[in-house]
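Subject: The structure you asked about

Hello,

Here is the structure I promised to pass on, with some notes to read beside it. Take your time, and keep the 3D view open as you go.

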Amino acid sequence: MSRQNLPLCIKTACLLQTTAGAAVATGGKWNTQLRDLSKQGQYSQALILYRQMLRSGATPNAFTFPFILKSSAALSLPLPGAQLHCHVIKSGCHLEPFVQTALISMYCRFCLLEHAYNVFDEIPESTRLTVCYNALISGFVQKTRFSNGLLLLHEMRVKGVPLNAVTILGLVPGCTIPLHLGLGMSLHCLTLKHGLSTDLAVANCFLSMYLRCGSIGSARKLFDEMPEKNLITWNALISGYSQNGLGAEVLDLYRDMESFNVCPDEVTLVGVLSSCANLGAQKIGREVEEMIHRRGFGYNPFLKNSLISMYARCGNLVKARAIFDSMPNKNLVSWTAIIGGYGMHGHGDIAVELFDEMIRTGIRPDKAVFVSVLTACSHAGLTEKGLAYFHSMEKIYNLKPSSEHYSCVVDLLGRAGRLGEAGRLIESMPMEPDGPIWGALLGACKIHKNVHLAELAFEKVVKLEPTNIGYYVLLSNIYYETGDMEGVLRVRVMMRERGLKKDPGYSYVECKGRTHLFMAGDRSHPRVKEIYAMLEKLEDLAKKCGEKENEKQQRDQITGNMAVHSERLAIAFALLNSDWEKEEILVIKNLRICGDCHVFVKSVSRFVNCQFVVRDATRFHHFKGGSCSCNDYW
């Protein structure tokens, strides 16, 4: 093979070896060019220029090596890196602190931590500067050797080596799991002691640490105390709130940003759109979309995918599909978002078509998109299709199903009445079944009123999730629907003994740009009299469809559920305040809609010329003309 055809790393190594001895002149102008190329990220060009420098006879010096070592590290070229180390030694620059630091950083980048430590260890203790410690600490932490980084910090303090902001920035990323939160808080105290807390990069790093550890209160306290904030600060808190499901807080922060004249970027808007999706805040989502186009972010794929998800979860599937269709280049996340959107709306047939189309375009599925398509099959009753997809994961795509996939298939089989197969699938799992798997089986038992299997599933699930109130409610409902009132009372006693209370149900509806929240039995709204008057009219309509009022009252007395459910209040309010003959009414509920309310909304939709859309904890229900999009398969 000719030298021209050799890979860059081999060519570089050969040239470095053969030309090093020929270099005789100084290289000031070369160093300037190398610095510029390195800063611009043009690392290959920097290596080529270094070869030209050696050929020209110029001698590399302590100002040359940091840039060229950085370039070798960035390109992951360990062989040229080793040759460059030889050049450092031959040139006598191995005692220069910034060259030592560059060598340590380079070997850490190559995952050659022992080599990095050897370079560090060869530095006389009396001349080990902060920058050298910082380089090795950062390398250890990045390569998950956090304890080694802490030992170096201890050594710095014992030997009186001063700490700086870079020291802290190298250590904090090792404290971003809840297990290490205590260490992170200790580092924060150390930062305050050394007067480094005013450094904005350090403060932002601790802010992200608290958020990733789930310590939301500490993060907000730090944010409020920061004398200076930049866009990174705002984005960190917005993203952290969004990832922790604090959608309302995200939107409050977004408004605060505007009041402080902080201009949001793409990262900000992704977090805001995610929160709009969770809250069903379509009006704010539309405003964000307008800003995306004004700011020229329209071609950002992350924002496009976020818009698809937002509109789908806000009930506007038509708009979500239009954005998806307008994308010239759809990635796996785009397909996952639209497939999941159709699935949660009960359009499993379209979700399946889209999944198959995605495969035909050559995009290889991952585990996340399989969760979306399996869920879609489950909600639409496409049992055989879902099973085929599940079996294809390992056979065709070499993807090992996780417990989440098994949970989807248990739900799929259970909804179809194939409870025996669901049980055998659980027994055959290669991992221990978790709470959601037994919960899926328990939910299927409710549909098919299988008390014996429900009791077995409940026994398993409460061992894993003893405080999850939803499972107790499910079992209570199964007892009620099979006429076992003693069973209902047993569950109530069990809940009382364990100090468990049912999560309060609430629903909200967006009207004229404002979100109105209703709790079960709510009487706090200023228009409460009008709301209950409208609700009484709606209930009269529902009775015309044969609602069994006596049975409902009996059930309410047994389950202690005498309050009017929140979704009914939200619907009554929406009918008072919207032009419902021209637009649909979207209600978002935090819990699963109960059977009585499902029948109620279906009955009302027969007489009111309006489409009611209810998004509950698991899916969307579109009510119109006396029927629901779920076909009572929920």
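A salt bridge here is a side-chain nitrogen of Lys or Arg within 4 Å of a carboxyl oxygen of Asp or Glu. With that rule, a search of the whole structure gives 22 salt bridges. Before we look at some of them, please note that this is a predicted model, in which local features need pLDDT of at least 70 and side-chain atom pairs count only at pLDDT 80 or more, while totals for chains, interfaces and linings use all residues. Residues are numbered from 1 along each chain as its sequence is written, and side-chain values use heavy atoms, with hydrogens and water left out.

**Salt bridges**

Helices in these notes are DSSP runs of H or I with at least four residues, strands are runs of E with at least two, and both are numbered from the N terminus. Start with helix α13 (residues 216–225), which holds both Arg 220 and Asp 224, 4 residues apart, about one turn of the helix. These two form a salt bridge, and their closest N and O atoms are 3.1 Å apart.

Within it, Asp 121 pairs with Arg 128, with 3.4 Å between the closest N and O atoms. Asp 121 has a relative accessible area of 43%, so it is partly exposed, whereas Arg 128, at 9%, counts as buried. Lys 159 and Glu 155 meet in another salt bridge, at 3.5 Å from N to O. Both of them lie in helix α9 (residues 146–159), 4 residues apart, about one turn of the helix. Lys 159 is partly exposed, with a relative accessible area of 40%.

**The nonpolar cores**

In soluble globular proteins, nonpolar side chains tend to be buried together. A nonpolar core is a set of buried Ala, Val, Leu, Ile, Met, Phe, Trp, Tyr and Cys residues joined through side-chain atoms within 4.5 Å. How many residues does the largest nonpolar core have? It has 162, and those with the most contacts inside it are Leu 69, Ile 104, Phe 206 and Ile 339. Helix α12 (residues 200–212) gives the most to this core, with 9 residues. Apart from it lies another core, of 33 residues, including Ile 571, Ala 574, Leu 575 and Cys 628.

Contact means heavy atoms within 4.5 Å, and the contacts below leave out residues up to four places away in sequence.

- His 188 sits in helix α11 (residues 181–193). It is buried because its relative accessibility is 14%, and it touches Phe 206, Tyr 210 and Leu 222. The C-alpha atoms of His 188 and Arg 619 are separated by 43 Å, with the two residues 431 apart along the chain.
- Ala 312 belongs to helix α18 (residues 301–313). At 1% relative accessibility, it counts as buried. Its contacts include Leu 317, Ala 320 and Phe 620.
- Asp 411 is part of helix α24 (residues 403–415). It is buried, with a relative accessible area of 19%, and among its contacts are Ser 378 and Ala 440.

**Cysteines**

A disulfide is a covalent bond between the sulfur atoms of two cysteines. The rule used here asks for a pair of cysteine sulfur atoms within 2.5 Å. How many disulfides does this rule give? The count comes to 0. Cys 314 is in no disulfide, and the nearest cysteine sulfur, in Cys 276, is 6.8 Å away. Cys 314 is buried, at 0% relative accessibility.

Happy exploring!

Note on methods
Buried means under 20% relative accessible area, exposed over 50%, partly exposed in between (1.4 Å probe, protein chains only).
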